[in-house]
Amino acid sequence: MSYILSIDQGTTSTRAIVFNADGHALGQAQKEFRQHFPSDGWVEHDAKEIWNDTLTLCREALRNAHVEAQQLAAIGITNQRETTVLWDRATGDPLARAIVWQDRRTASTCEALRDEGHEGVVRERTGLLLDPYFSATKLAWLLDNVPGARQRAEAGELAFGTIDCWLLWQLTRGKVHATDATNASRTLLFDIHRQCWDEELLALFQVPASVLPEVRDSAGEFGLTCPELLGAAVPVAGIAGDQQAALVGQACFEPGMVKSTYGTGCFMVMNTGDAVVSENRLLTTVGYRVNGKTTYALEGSIFVAGAAIQWLRDGLNLIRDASETEALARRAGSAGGVYLVPAFTGLGAPWWDPHARGALLGLTRDTGIAEVVTAGLEAVCYQSRDLLDAMAADCGTRPTTLRVDGGMVVNNWLSQTLSDVLGVCVDRPQVTETTALGAAYLAGLGVGLYDSLEAVASRWQCEREFAPALEESDRERRYQGWRDAVARVCRDAGQ
């Protein structure tokens, strides 16, 4: 039994992949699901749809891999983080649609808490900022706005969880209500130093402790799947939020190693070993917790990366498929002074402005589809530069290599431009979907298929390295243009 089933539940699609012990994908299945936008800045998902898709895709991936459930050593789960689900413990039904990490509806709540002087203690204990990105204010909103929810929660009838917790509950048919330390660390309710839910923070956000899941290591047996779901009782043995799973999949196990994942959003994570307090508005978070030992990381979150390309495709109809962007960018060469600031749901690190909105700047009569599409790709690179500069300032040293993954980095033009804009080497691994791979590795660690993190690291392979080829003067000129563009939409860009 050397196969692992990895569930990768993302923001726009759900995927299941069967890996062998060497980390090679044998079969997979994927499906996009509906995004709900009930109001400006609101983003919701149907948690039941996500679960139904997950089960269907797990079965399909097993068929495609020609693997039976009885042959699985374990299941790993990785997930879009912060997205908040509230459900009935008796029926397993959600009380409302899940509130997605991108959702901005609680921006005024966060501002009020900040004005009352609470951000200091929140940041000290959680490593996070007071921002609607995180789960606590989303959960409080559900408790206050779904009829009867708060009373039922206080009576112990309801359960809260991020998507990993929701899927685990469904896979075990309600027997296990648990999450891992990486997902807990993104709620604003978890003390990352003491590694426990914090009573003072629960009181601050008015969240009853009765709704919270148990917090466990990222690797270890969480529970067995109900046999009729897949055909056998399989241990769920690894759970991590998507960016932390990618950190594991990229084998960034030494302090100073950095990975960046390019999917719907972009998330850059640096292994710091011990907790580092950011002075540049990055997040301190749990990188992973294995065998009771917590490894910390610095993280910068970009809300819109691949979603900008999706907007160019579906909103403006400039392209039919994301695969067309590389040829268009090569034809244009550069965006020619055009900048797309994709602040569709505000700006993340290091700006943290939920009120910022997108802008397309620098247009001339010569601007065409190729330049606009290229500006969308370049925006991903410039935002990555924002994050890497902040990490370098926090740690006192600039990384020389960035390991990248995610669907966007199959684009060679983007990967090369990323290296040019950052001024560092960009390493693309053999397996670019390292989020799912990281969840598989954690599950393998959880059941003893791998005996150490070093055994996982030995399996990492570089497929291609991209080295900077842009003159320093051009790099800085282009980046200054980006900073000027951000200043047009973000109130804190000049600070």
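Which residues does Leu347 touch, not counting residues up to four places away in sequence? In this predicted model, Leu347 touches Phe303, Val341, Trp352, Asp353, Ala356, Val486, Val489 and Cys490. Leu347 also belongs to the largest nonpolar core, which holds 101 residues. Together with Phe205, Tyr262 and Leu402, Leu347 is among the residues that touch the most other members of this core. The element that gives the most to the core is helix H13, formed by residues 369-395, which supplies 13 residues.

The view may now be widened to the protein as a whole. Its secondary structure comprises 17 helices and 23 strands. The radius of gyration is 21 Å, close to the 23 Å that the globule rule gives for 495 residues, and the protein is therefore as compact as a globular protein of that length. The C-alpha trace spans about 60 × 55 × 45 Å along its principal axes. Of the 495 residues, 63% are buried, that is, they have under 20% relative accessible area. The protein exposes about 17900 Å², and carbon and sulfur atoms supply 46% of this area.

The contacts show how the chain is brought together. Among contacts with a separation of 6 or more, 72% are between residues 24 or more positions apart.

A pair of aromatic rings is described by the distance of the centres and the angle of the planes. A search of the whole structure finds 14 aromatic pairs. In one of them, the rings of Trp101 and Phe267 have centres 5.7 Å apart and planes at 70 degrees; because an angle over 60 degrees counts as edge-to-face, the pair is placed in that class. Trp101 lies in the loop between strand E7 (98-99) and helix H2 (107-115), whereas Phe267 lies in strand E16 (residues 266-273), so the pair ties together parts that are 166 residues apart in sequence. Both Trp101 and Phe267 are buried. Ring pairs also link these two residues with Tyr133, Phe134 and Phe303 into a cluster.

The charged end of Arg105 sits over the ring of Trp42, at 3.8 Å from its centre. In a further case, Arg403 lies over the face of Trp460, 3.6 Å from the ring centre.

Technical notes
Residues numbered from 1 in each chain as written. Predicted model: local features only at pLDDT ≥ 70, side-chain atom pairs only at ≥ 80, totals over all residues. Heavy atoms only, no water. Core = buried A, V, L, I, M, F, W, Y, C linked by side-chain atoms within 4.5 Å. Buried < 20%, exposed > 50% of the residue type's maximum accessible area, 1.4 Å probe, protein only. Helix = DSSP H or I, 4+ residues; strand = E, 2+ residues; numbered from the N terminus. Contact = heavy atoms within 4.5 Å. Phe/Tyr/Trp six-rings, centres within 6.5 Å; stacked < 30°, edge-to-face > 60°. Lys NZ or Arg CZ within 6 Å of the ring centre and 35° of its normal. Rg over C-alpha atoms; globule rule 2.2 N^0.38 Å. Areas by Shrake-Rupley, 256 points an atom, 1.4 Å probe, with all protein chains shown as cover.
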